[in-house]
Amino acid sequence: MERDMNMHAAGREHLPVSPLSLHIEHPQFGTVAYIVLDTGLWRRAVGGIRMLPDVTADQVADLARAMTYKFAFLNMPFTGAKGGIVASPSWFPEHKAEVLEYIGKSTGHLIRHGLYTPGPDLGVGLRDCWTIFRGAGFATPDRDPDTWS
């Protein structure tokens, strides 16, 4: 079976449902994150969250689309998602945990209902994801992931 894996922005019209885009603004720090769930083709959207000082909403949307194509290629029943945290020098790193919890609180309704599952990506590790999940209202493991075998 041949698949069209052309992942440029012009290919977006081929998928029937528009992406869900969230622009998260922290009351103290302003814009801190963009979250994009690519399409509504599947119930669950999955993708990593990256933290960079110059990440843009367009980059995050393109990466979410790439995740959708990846899942389609692997025949997995997920739609792509991606998050981008703007790691502003005004808050990073001293307020990193506070910002991550705020992102979790802001996306908690999607995470708790199984519509969005964030994961690690550039600059965001497993502990950071746990902080996001705590902000979304989940209990997280007490064990240090570095001690897991």
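This is a predicted model: local features need pLDDT of at least 70, side-chain atom pairs count only at pLDDT 80 or more; totals for chains, interfaces and linings use all residues.
1. Helices (H or I, at least four residues) and strands (E, at least two) are DSSP runs, numbered from the N terminus.

2. Residues are numbered from 1 along each chain as its sequence is written, and side-chain values use heavy atoms, with hydrogens and water left out.

3. The strands form an open sheet of five, in the order β1-β2-β4-β3-β5, with mixed pairing. Two strands pair if DSSP finds at least two bridges between them. At the edges are β1 (20–26) and β5 (116–120), each of which pairs on one side only. Neighbouring strands of this sheet are turned by 20° against each other on average, direction ignored. For such angles, axes are lines fitted to C-alpha atoms, for helices over the stretch in contact, and angles run from 0 to 180 degrees between N-to-C directions.

4. β1 and β2 make a hairpin, with three residues between them. They run antiparallel and are joined by seven bridges. Among the bridge partners, L22 goes with I35 in β2, and E25 with T31 in β2.

5. β2 is also joined to β4, by five bridges, and these two strands run antiparallel. Here A33 stands opposite I85 in β4. Is β2 mostly covered or mostly open? It is mostly covered: six of the eight residues of β2 are buried. Buried means under 20% relative accessible area, exposed over 50%, and partly exposed in between (1.4 Å probe, protein chains only).

6. Which residues of α1 are buried? They are V60, A61, A64, R65, M67, T68, Y69 and F71. An α-helix has 3.6 residues a turn, so residues three or four places apart point the same way. The buried residues of α1 pack against β2 (30–37), β3 (45–52) and β4 (79–86). Contact means heavy atoms within 4.5 Å. The direction of α1 makes about 150° with that of β4. After α1 comes N75, whose phi is positive, near 60°.

7. A further helix, α3 (residues 126–135), lies across β3 and β5. The angle between α3 and β5 is about 150°.
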